[in-house]
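Here is a short briefing on one protein chain. It covers a pocket, helix packing and model confidence.

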Amino acid sequence: MNEDMTLKAPIEVLGPPAQHFQRVSGFIGALGLLLCCVAFFADRGHFFQSYLYAFLYWSSFAIGGLGILLLHHVVGGKWGVVTRRLLEAAVRTLPLMLLLFIPILFGLKDLYIWARPDAVLHDEILQHKSSYLNVSFFTIRTVVFFAIWMLIGLRLTRLSDKQDVTGNPLLQDQMKRFSAPMLVVFTLTATFAFIDWIMSIEPHWYSTIYGAMVLIGQMLQTFALVILVLVLTQREERYGVKDSPVVLHDLGNLFFAFTILWTYLSLSQLIIIWMGNLPHEIPWYLDRVRGSWKIVTAMISLLLFVFPFLLLLSQARKRDPKRLLRVAVVMLVARFIDVFWLVIPSFRPGGFAVYWTDFATFLGIGGIWLSIYVMQLRRR
C-alpha cells in the first residue's frame with residue numbers, strides 16, 4: 001500500500017464493541033459532569049484547579065493529533081496512511097474542546113493571579129505584563145488558537161475525504177504543500193497556548209523551553225493513543241496492510257524518538273534553572289520536589305522516560321502488537337501523572353494533595369471526549 005491509494009477506514013473493524021464503549025463512556029462523562037456541577041458550588045476553588053488539569057490532559061489528544069497529522073503529510077510514511085483516520089477523528093474533537101474551555105473563562109480569577117485587579121495593582125511585575133496577561137486578550141488568543149487549529153484540521157480532512165472519493169494522487173502533494181507552513185503555524189500557536197494556559201499560572205516564573213516541552217508531551221501522548229487503538233482494532237485485511245509489523249515498527253520508532261526529545265527538553269529546562277538558582281525561577285521546581293511530590297517526580301522519571309526508553313530499544317518489542325501496547329498504556333498513565341505534576345503544585349504548594357474534584361472532572365471531560373472520539377471514528 002502506498003500513500004496515493006484510497007484509504008480504508010479502520011472503523012470497519014470496530015462494530016458493536018465500539019458502540020457499547022461509546023455509550024458507556026458517554027454515561028460516565030455525563031455522570032462526571034453532573035459531579036462537576038456539584039463541585040462548582042461545593043468547592044469552587046478546587047473545582048477550577050481540577051477542571052483545568054483534566055482539560056489539559058484530554059485536549060492533548062486533539063491538539064497532539066493535529067500536530068502528528070501535519071507531520072505525516074510533510075514527511076510521508078505508511079504509518080501515517082494507516083493511522084490517518086485515527087488522527088483525523090481526534091482532530092475533529094477540537095470544537096468540543098473549545099466548548100469545554102468555556103468554564104475555564106468563568107474561573108480565570110480563581111486560576112490566574114493576573115486576572116485579579118487587586119493583585120495586579122500591588123505587583124510591579126504583573127503590571128509590566130498586563131498588556132499581554134489580561135482577561136480580554138487571553139480570551140481572544142484562545143479563540144484564535146482554536147479557530148486556526150480547526151480550520152487547519154477541516155482543510156486536511158476535506159482533502160483526505162476527496163482523495164478517498166476520487167483517488168487523485170495529486171491531492172497528496174496538495175496536502176503536503178499545505179501542511180508544511182501550517183506545521184510552523186501550529187507549533188507557534190500551540191506553544192503560546194500552553195504559555196497562556198499553564199505557565200501563566202505562575203506569572204513570575206518563565207521558561208523559554210516550556211511550551212515546546214508541553215507540546216512534545218502531548219504528541220507523545222497521542223502516539224500512545226494511536227498505538228492503543230490501532231492494536232485493539234487491528235485486522236490486517238481491513239487496513240489493506242499485509243506487513244503491519246513494519247507499520248508498528250515505524251510507530252515504535254517515532255514513539256521512541258519523541259520520548260528522547262521530551263526528555264531532552266525537560267532536562268534542559270531543569271539544568272538551566274537549577275544551575276542558575278535564581279529566586280524567581282527555582283521555586284517552581286522546589287514546589288514539585290517538596291514532601292510527597294518527590295515520589296510523583298520519581299514516578300514521572302521512571303514511567304515517562306526510563307521504562308519507555310529501555311523497552312523501546314528492542315526491535316522485536318516494537319514489532320509485537322501486545323508488547324508495544326503495554327508501552328503505550330504505561331505512557332498514557334505517565335502523562336496522566338505528568339500533567340497533574342505540571343498544574344496542581346502551582347495551586348497546592350504546601351504539599352501533595354488530591355481532592356475528589358480531581359477525579360470528577362477527569363471522568364467528566366474524559367468520558368465525553370472518548371464518546372465523541374469513538375463517534376467520529378464510527379462516522380468515518
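Helix 12 is the top contributor to the lining of the largest pocket, giving seven residues. The model is predicted, and the chain averages a pLDDT of 88. Helix 12 also packs against helix 3, and helix 3 in turn crosses helix 10.

**Largest pocket**

- The largest pocket holds about 390 Å³ of space.
- Its lining counts 19 residues, and W262, S266, L270, S301 and W341 are the closest to the pocket centre.
- Four helices each supply at least two lining residues: helix 12, helix 13 (283-286), helix 14 (293-311) and helix 16 (321-343).
- Sorted by class, the lining has 13 nonpolar residues, five polar and one charged.

**Helix 3 against helix 12**

- Two packed helices are described by the angle between their axes and the distance between the axes.
- For helix 3 (residues 78-91) and helix 12 (residues 244-276), the angle is about 95° and the axes lie 9 Å apart.
- Helix 3 is therefore roughly perpendicular to helix 12.
- Helix 3 brings K78, W79, V82 and T83 to this contact, while helix 12 brings V247, D250, L251 and L254.

**Helix 3 against helix 10**

- The axes of helix 3 and helix 10 (residues 210-232) cross at roughly 95° and come within 10 Å.
- So helix 3 is roughly perpendicular to helix 10.
- On the helix 3 side, the contact uses W79, V82, T83, L86 and L87. On the helix 10 side, it uses T222, F223, V226, V229 and L230.
- This contact of helix 3 with helix 10 divides into eight nonpolar and two polar residues, with no charged ones.
- W79, V82 and T83 of helix 3 take part in the contact with helix 12 and also in the contact with helix 10.

**Confidence**

- In the protein chain, 93% of the residues score a pLDDT of at least 70.
- Helix 4 (residues 94-106) has the highest mean pLDDT among the elements, at 96. Helix 11 (residues 236-239) has the lowest, at 46.
- Over residues 236-243, the pLDDT is below 50, and the model gives this stretch 18 contacts beyond near neighbours in sequence.
- Residues 1-13 stay under 50 in pLDDT, with 38 contacts beyond four places in sequence.
- Where pLDDT is low, the predicted coordinates should not be read in detail.

Definitions and conventions
Residues numbered from 1 in each chain as written. Predicted model: local features only at pLDDT ≥ 70, side-chain atom pairs only at ≥ 80, totals over all residues. Heavy atoms only, no water. Axes fitted to C-alpha atoms, helices over the stretch in contact; angles between N-to-C directions. Parallel < 35°, antiparallel > 145°, perpendicular 65-115°, else oblique. Contact = heavy atoms within 4.5 Å. 1 Å grid on protein atoms, 1.4 Å probe; cavity = no way out; pocket = protein on both sides within 12 Å on 5 of 7 lines; lining within 4 Å. Points joined across faces, edges and corners; volume = space filled by probe spheres on them. Nonpolar A, V, L, I, M, F, W, Y, C, P; charged D, E, K, R; others polar. pLDDT = per-residue confidence, 0-100.
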